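Please read them with the coordinates open.

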Amino acid sequence: MTETLFGGPSLPPAYPERAAWGTAQKLRAWQSEAMARYFSANPRDFLAVATPGAGKTTFALHIAKTLLARGTINRITVVTPTDHLKRQWADAAARVGISIDPNFKNADGRHGKGFIGVAVTYAQVASKPMLHRAKTEAARTLVILDEIHHGGDALSWGDGIREAFDPAARRLALTGTPFRSDTAAIPFVEYVEDREGIRRSRADYTYGYGEALKDHVVRPVMFMAYSGQMRWRTSAGEEMAATLGAPVTKDITSQAWRTALNPAGEWIPAVLAAADKRLAEVRRAVPDAGGLVIATDHDDARAYAGQLKKITGQSPTVILSDDAKASSKIEAFSAGDKRWMVAVRMVSEGVDVPRLAVGVYATSTATPLFFAQAVGRFVRARKRGETASVFLPSVPNLMALANQLEVERDHALDRPDKDPDGFQNDDEMDQANREEKASDTLEKYKFEALESQATFDRVLFDGGEFGTGGEIGSDDEQDFLGIPGLLDAEQVGVLLRQRQSDQQSRRRRKTAATAEPDAPAVVDHRLLMDLRHELAKNVSAWSARSGMPHGMVHSELRRICGGPAVAQADESQLQHRLKKLQDWFLGRK
């Protein structure tokens, strides 16, 4: 155990995970910088936004330890979204000599002897705010609000938290994901009006995924997208068919998506089998690497678990929201080397298992907040070179979220029905983070899934798209499933480009083999369309990152690489522009 600058025992930078490569035995740069900012200002309220896996727990407990040593506080209350996280915080605090009671109940009145504070849930506080206010007033209390965006989950929650902790000596708010999709104000968060008159949250310190990736604090994430043919029957008895991810209406996309996730079809078993192949490859370099399937509800979770048992011969760990042993199951999985865990969607934020490296996004929930929470389960780096792979349906909103993983968002009030990012502001986040209700069951019977088939679509990484599609089990799919499990972000990008080039070469050879012997070379129009599509996606991603308009990006690429406009460019010219764009993404101008 290390020593802090202020004396006393310390935590590794990423507790409860192992520290990322190059950071052991010292605080990470962002943690030191954020602490310096905190103690230079000595604020009553401080909001730290840091990407999942960056080490927010360590940061907060170092501040708590220092405030205790200085006599600024003499009591600590930690507020978390879940019971599992209460115990996790108590274990972390014990490592630095701080005794936190995670078993405190409102009916107890006060915590047990020997504890300096308690860990409670947001719901627990909201149900008895005056009890927690009295405890807060009775001492110089530091309140740590973990994943503070939950403070806006319901009007009563926000009011209760504000009532309970208004008298606190210090409040330290933490979050690892973009703020809520709705416009419910979050207690103790400062909102500042922007140029358009919209009030947006202001963080006192921000450490985003892009920064963390450059610092090797988090893993690079490859998104493995799968498409396929879907067929279903509507409530009116009409049979429908669509390709998953095709440009169709929102309703058809939604129904095709739900058909893909139906356990009785062929899509989900094929994707689970592909994900297990990927996990097997990762485990060659990282023997304890594990996988997580995020399901929509309990029935799907159990069905997916049964399919994984058929695929692997091993029963996965199943985490259900009404299981009293959920926390102990998560801890056992985390400490072991079992291959797979299956959890309902609401568990995604509470699951904290450092060895998770492969995920299957098998839920129809798609708000930016929930997606970021889910992906956050896989990005926690333990040593340099570990990569993460997340398998997901090839539908437009998920593709957009995957391409915008590094985009930082603030919580905005006063927004119209649709925010600038194009995401609807609805109650989907609330539905995603609580147990499924009767409405979920009714929703299932609005249509009948008839048939689903899976095909490999593409890989999304660092704003770019790779792969030309392929059948399940084809070389085109295996090229990407077999990427080594220990690569840094730049190596992943280089290898993805190489695999894509190999696929395009195979396609050219196949075309040439079927051509007449003396016939002139035939231009592969499908390959050109694939390259144009890929270029457009990469230009769009670079435009989003740099703020440069799409047309200007294309003009700059033509200036540097030469050649005509995209519509007239040949294969080599398009490849040259794609290579230049990838150089930009990697910081090579």
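1. A residue counts as buried when its relative accessible area is under 20%, with a 1.4 Å probe and protein chains only. The model discussed here is a predicted one.

2. G290 has a relative accessibility of 0% and is therefore buried. This glycine belongs to strand β13, which covers residues 290-295.

3. L356 is 66 residues away in sequence, yet the C-alpha atoms of G290 and L356 are 4.6 Å apart. With neighbours within four places in sequence left aside, G290 contacts R355, L356, A357 and V358, and also L279, K338 and R339.

4. R339 sits in the loop that runs between α11 (326-335) and β15 (340-344). Is this arginine buried or exposed? Its relative accessibility is 19%, so R339 counts as buried, given that the cut-off is under 20%.

5. The side chain of R339 makes a polar contact of 3.0 Å with the side chain of D276. Residues up to four places away in sequence not being counted, R339 touches D276, L279, A280 and R283, together with G290, G291, T312, Q314 and F333.

6. D276 also takes part in a helix pair, as one of the α9 residues that meet α10. Helix α9 spans residues 267-285 and helix α10 residues 298-312; their axes come within 10 Å and cross at roughly 50 degrees. That angle makes α9 oblique to α10. The crossing of the two helices is right-handed.

7. Which residues of α9 and α10 meet? On the α9 side they are I268, P269, L272, A273 and D276; on the α10 side, Y304, Q307, L308, I311 and T312. By class, this contact of α9 with α10 comprises 7 nonpolar residues, 2 polar and 1 charged. T312, listed here for α10, is also among the residues that R339 touches.

8. The contact of α2 with α3 has 5 nonpolar residues and 1 polar residue, with no charged residues.

Conventions
Residues numbered from 1 in each chain as written. Predicted model: local features only at pLDDT ≥ 70, side-chain atom pairs only at ≥ 80, totals over all residues. Heavy atoms only, no water. Nonpolar A, V, L, I, M, F, W, Y, C, P; charged D, E, K, R; others polar. Helix = DSSP H or I, 4+ residues; strand = E, 2+ residues; numbered from the N terminus. Buried < 20%, exposed > 50% of the residue type's maximum accessible area, 1.4 Å probe, protein only. Polar contact = N/O pair within 3.5 Å; in protein donor to acceptor, adjacent residues only side chain to side chain. Contact = heavy atoms within 4.5 Å. Axes fitted to C-alpha atoms, helices over the stretch in contact; angles between N-to-C directions. Parallel < 35°, antiparallel > 145°, perpendicular 65-115°, else oblique. Left-handed = near helix turned anticlockwise from the far one by under 90°.
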